[in-house]
Amino acid sequence: MYNPFEFDLVVRNGIIVTASDEFACDIGIKDGVIVVLGQSLPASPDCELIDAEGGYITPGGIDSHVHINQLGSLGARSSDTWTTGTRGAISGGTTTVIAFAVQAKGKKIMPAVEEYYQTAKGACHCDYSFHSIITDPTENLVKNEIPKMVEFGITSVKIYMTYPLLKLSDKEILDILCGARQAGVTTMVHAENADMIDWMTNNLLERGLVEPWHHGTSRPPLIESEATNRAIALAEVIDAPMLIVHVSSKEATAHIRKAQTRGLPIYAETCPHYALLTADKMHAPGFEGAKCVCAPPVRSDPLDKESIWDGLGNGTFTVFSSDHAPYNYYDAEGKQRGMTNNPTKNPRGNFKNTPNGIPGICTRTPLLWSEGVLKGRISRQKFVELNSTNAAKLYGMYPKKGTIQPGSDADLVIWRTSKSRRPYTITQDKLHHAADYTPFEGMEIEDWPRTVLLRGKIAYDGETNEVLAPAGSGEFIKRGFSTLPGPRGKSDAWINDWNPHEM
Ligand code: DUC
Ligand code: ZN
């Protein structure tokens, strides 16, 4: 028999879903941590009770790719601060976010990390961590600063193959992969071919083809496919784990699948917009198409979306992230840059000067639950894997985060049952982010989280649509190493006599 005074909170009458199992039982929580999973747990008079009313309970979501309080492409201003971004996250069932601390060229990474840390501290409605974006891989950074980052609790770096201020050469990428591999760090890659984009963009501009949808014309799937294939080759040379971020096309998905089949530690991420939106969104009247300008672009071929759902179901994709990069539509420092900075004076704006990115932090988890699980595209176990568990494992937070078991943080999402569920229409006025629009406006989905708990406290009430976790309740998560397969170890499968293990 458990001591009834052990618990601060008992969640009764729910069906727990993890990445591997599903079972009906109570959850006993003490000091924000799950201490017992059991049948008919006793509760003292002081113990708080939550009745899940037969609904599924999934681990709090982990959104491992969000841009918050970060300057965007073309110097655009993010519409979300840490407070508003994490308020949006928690309202959609995300209890941990990982955002980006950016190294400025010519500067060190650790000061950027420390400065970014100060902007988040005390401001968040959910737990948070950072990846580091490396823009200038000096020898000192690779040898000395990456290990310092690891000590701080950051065990992943992100690099870009495109964008003038961010892009790295193949040689620089190899340098980073070496340092990352030695430090046990996972490298995330934005894979698009920079020269192809520049060339096509200039050509389109010369011909006056500048409307928002030509953003998609300038970045066809081949651009993503070539860079993905190259990134995988670079990772293979070094035997370094790599995650390809925001995969949008069937061609890139196929390269990743092939690499995984060959046993390489290649991981992949996709996002709600690639699974659910198509390029016709960029043809909206006037300049409205700018609301869906992001990179890689949402695709026009329905087979791309089909391959994204196949990849979500068959394990090609490791994580499902929002790539929340919010720029207000009605903002001269947001999407309107494409109207004001518009040399051809085209009344529909200019895609080249439109900041890339869309908001998605509130809607990511409900969309995957509704469009994935409730529409029968993926199992509940796969949902948990994509929404929480794999991110926790890959980014070194498991089992504190990403699952429901004794010892884990009591970060929980309680869903309604098939009887109590009611259709939910996504509209901007209900969302808790600070962005002034949602690309999913008007979309009818099957459900929205009923209750969200952050470390054993009700953080969001779906009945009233209220965020109850105060700003400042989120904690910085010092991350450890990935527990998913890393370098393949001593093997005779090297490309030739050169062997990264002898470096
Ligand atoms: N593309 C990026 O490269 N970053 C943020 C958002 C986007 O659309
Ligand atoms: Zn991004």
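Reply: Two strands pair if DSSP finds at least two bridges between them. In this predicted model, eight strands form an open sheet with parallel pairing, in the order 6-7-8-9-10-11-12-13.

Me: Why are strand 6 and strand 13 said to stand at the edges?

Reply: Strand 6 (61-63) and strand 13 (319-320) each have a single partner strand, so one side of each is left without a neighbour in the sheet.

Me: How do you know that strand 6 and strand 7 pair?

Reply: The criterion is at least two bridges, and strand 6 and strand 7 (residues 94-102) share three bridges in the parallel sense, so they count as paired. Within these strands, Asp-63 stands opposite Val-97 of strand 7. Helix 12 (residues 364-374) packs on the sheet, where it touches strand 6, strand 7 and strand 13, and its direction makes about 120 degrees with that of strand 6.

Me: What makes the approach of Tyr-163 to ligand 1 a polar contact?

Reply: The limit for a pair of N or O atoms is 3.5 Å, and a polar side-chain atom of Tyr-163 lies 3.0 Å from an oxygen atom of ligand 1, so the pair qualifies. A polar side-chain atom of His-190 is likewise 3.1 Å from a ligand 1 oxygen. Of the 240 Å² of accessible area that ligand 1 has on its own, the protein covers 95%.

Me: What makes up the shell around ligand 1?

Reply: The shell residues divide into four nonpolar, four polar and one charged, and among them are His-67, Cys-294, Asp-323 and Asn-356.

How values were computed
Residues numbered from 1 in each chain as written. Chains lettered and ligands numbered in written order. Predicted model: local features only at pLDDT ≥ 70, side-chain atom pairs only at ≥ 80, totals over all residues. Heavy atoms only, no water. Near = heavy atom within 4 Å. Polar contact = N/O pair within 3.5 Å; in protein donor to acceptor, adjacent residues only side chain to side chain. Areas by Shrake-Rupley, 256 points an atom, 1.4 Å probe, with all protein chains shown as cover. Nonpolar A, V, L, I, M, F, W, Y, C, P; charged D, E, K, R; others polar. Helix = DSSP H or I, 4+ residues; strand = E, 2+ residues; numbered from the N terminus. Contact = heavy atoms within 4.5 Å. Axes fitted to C-alpha atoms, helices over the stretch in contact; angles between N-to-C directions.
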